[in-house]
Amino acid sequence: MNEIFLLRRWAENAVSGIIFPGDKRKVYQELMDHMEDHKDALMEQGLTEREACEAVEKAMGDPWSVAKELAEIHRPFWGYFLRFTRIIMVLLIATLFPLDTFLQERLFQNPHFRGWDVYASSSYGEDSNRTLLHLSKQDSSFESDGYTFTATKAVVFRDEEYDRTTFQCRIKEFNPRPWATHAETGNWFWAEDSLGNYYYSYYETAQDENPRKPAVNSWVVTEGILTNTYEFWISDFPDADWVKLHYTRDGRDEILFINLTGGGAK
Amino acid sequence: MKAIKRFWTNIPRQVRVCFNILIILFLLLIFYVSIGSPVFTLEQRFRRAEKAHLVGPGEIVDQTQWGLYSQFTDMLVAETEHGVMFYGYWDQDHPLDDYEVFSYREKTGKLTFLAPPSLGFSWAFDDFDRTVPLYLFDDYPQAVRAEASVHAKGTYQVNDTKNPFDMRFEVSAERFSDGVFRFLLELESGQPLKLAAAQMLTKISTTAESWPYANTSGFHKEPHANITIRLYDAEDNLIVEEELVLRTVSGEAQAKRRELE
């Protein structure tokens, strides 16, 4: 055991200058294999194990000068580069860690406001003043400037307390470019219904002396990297069969058709 | 775990480096998105804002200095087939945390007037030796010179004192670029009426997308302005004289509504 230790100590000293552990391990193994073969050959010639080990050690020379040469040889570019990439990765992860709240919001669509999903689950109960008149899935969509807008749901409910019927529609905006900002269009949508009524866009009413004009309002329900979800609503909504939401601006005239026939009330 | 480590270390270094680089790129993308996906030039920002507002792409016709909130900054003036735009932004404490103003105004005829977004009212009175650029987009290729008569009327309030003003002034301009005249309205401190008129002009003629950060609370009555434009050709003959109506609502949307009505 002690005899082998001589060779191990020699090999460890010889590889001590090699920086990267993987290289060090491989060279160490190669040196040990070589020295053990040499030792076995000497023992076959009649030397004892100790004598053979001492002879091998002597034949291998000064481990420190070998270490110097091996250290010079084993400075691989890729090893340094690999280490560099690891450091960058650690730094980036450490930088992103404080942003985890942001990531939760963006990746998992933390809702600011759940809209009628909350109403539907709790506010349309028997004790509520709200009566659900219509609830349906929608699939109308349009694409413009890289953004896709899709109407996904529509609801009409009556609020007895305020003596008012409200139309709400959920619109999903899909943006396949996560580096771009989301569309800033909600306030430009205006609407018409099957009864010929016109509903002003928010900007039109905002500029008007009469803020109580029938209008389309909107808010952001969820924000994500690729998708945003909006809710559009019209207060004092009549018993119309459909609503067309228009986006009319700078030569664009896009329409989302919301069908309010069929569907079902809760 | 050891098996995984052995497997990983047996992979050639080049392959491991490539794998790490892919992870780094992914992390960088997340980092970039997480800090708001910034772009670094005014034009890049403008192009992105154009897309987000679903307008354009427009042709940039001028880059000018204008006061936004509490600082003067560069702003772009651009034109599309259907409208004209103002764009600018200002840093707020941190270069990645800034606000932007994007104003779009529809062309409503052969003449379209565009003033920069209105300044904070009281701030404009504090220290304002500036030039207000007023843009006129026209569809009269033979016009080489333009004159504008501005009549502004309203009431402004400073320190609980209401001040009525009724201001007329004349400005003129040579052709600035293809299809555009730029009037420069010189203002100096100590001219409160002219300042108020210019302030009001920028307020009502900006766009329907009113700038949410502009402090216009100083105006207590609906401001009113008439601008009479006169265009002249190379022989100094009057081509057209037109009184502009400074509309603040979407002309296209109004047209649609009229169709329905």
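Strands here are DSSP runs of E, at least two residues each, numbered from the N terminus. Keep that in mind for chain A. And remember, this is a predicted model.

Start with A:Asp145. It sits in the loop between β2 (141-144) and β3 (147-159) of chain A. Most residues other than glycine have a negative phi. Is A:Asp145 buried or exposed? Its relative accessible area is 18%, and the cut-off for buried is under 20%, so A:Asp145 counts as buried.

Next, A:Asp163. This one lies in the loop between β3 and β4 (164-174) of chain A.

Now chain B. Look at the loop between α3 (42-52) and β1 (59-68) of chain B; B:Pro57 is found there. The peptide bond from B:Gly56 to B:Pro57 is cis, omega near 5°. Most peptide bonds are trans.

Last, the strands of chain B. Which strand pairs with β6 (residues 131-138) of chain B over seven bridges? That is β9 (residues 180-186) of chain B, and the sense is antiparallel. Within β9(B), B:Leu185 stands opposite B:Val132.

On to β8 (residues 161-177) of chain B. Two bridges join β8(B) to β9(B), also antiparallel. B:Ser177 has B:Val180 in β9(B) as its bridge partner. The two strands form a hairpin, with two residues between them. In that turn, B:Gly179 has a positive phi of about 80°.

Note on methods:
Residues are numbered from 1 along each chain as its sequence is written. Chains are lettered from A and ligands numbered from 1 in the order in which they are written. This is a predicted model: local features need pLDDT of at least 70, side-chain atom pairs count only at pLDDT 80 or more; totals for chains, interfaces and linings use all residues. Side-chain values use heavy atoms; hydrogens and water are left out. Two strands pair if DSSP finds at least two bridges between them. Helices (H or I, at least four residues) and strands (E, at least two) are DSSP runs, numbered from the N terminus. Buried means under 20% relative accessible area, exposed over 50%, partly exposed in between (1.4 Å probe, protein chains only).
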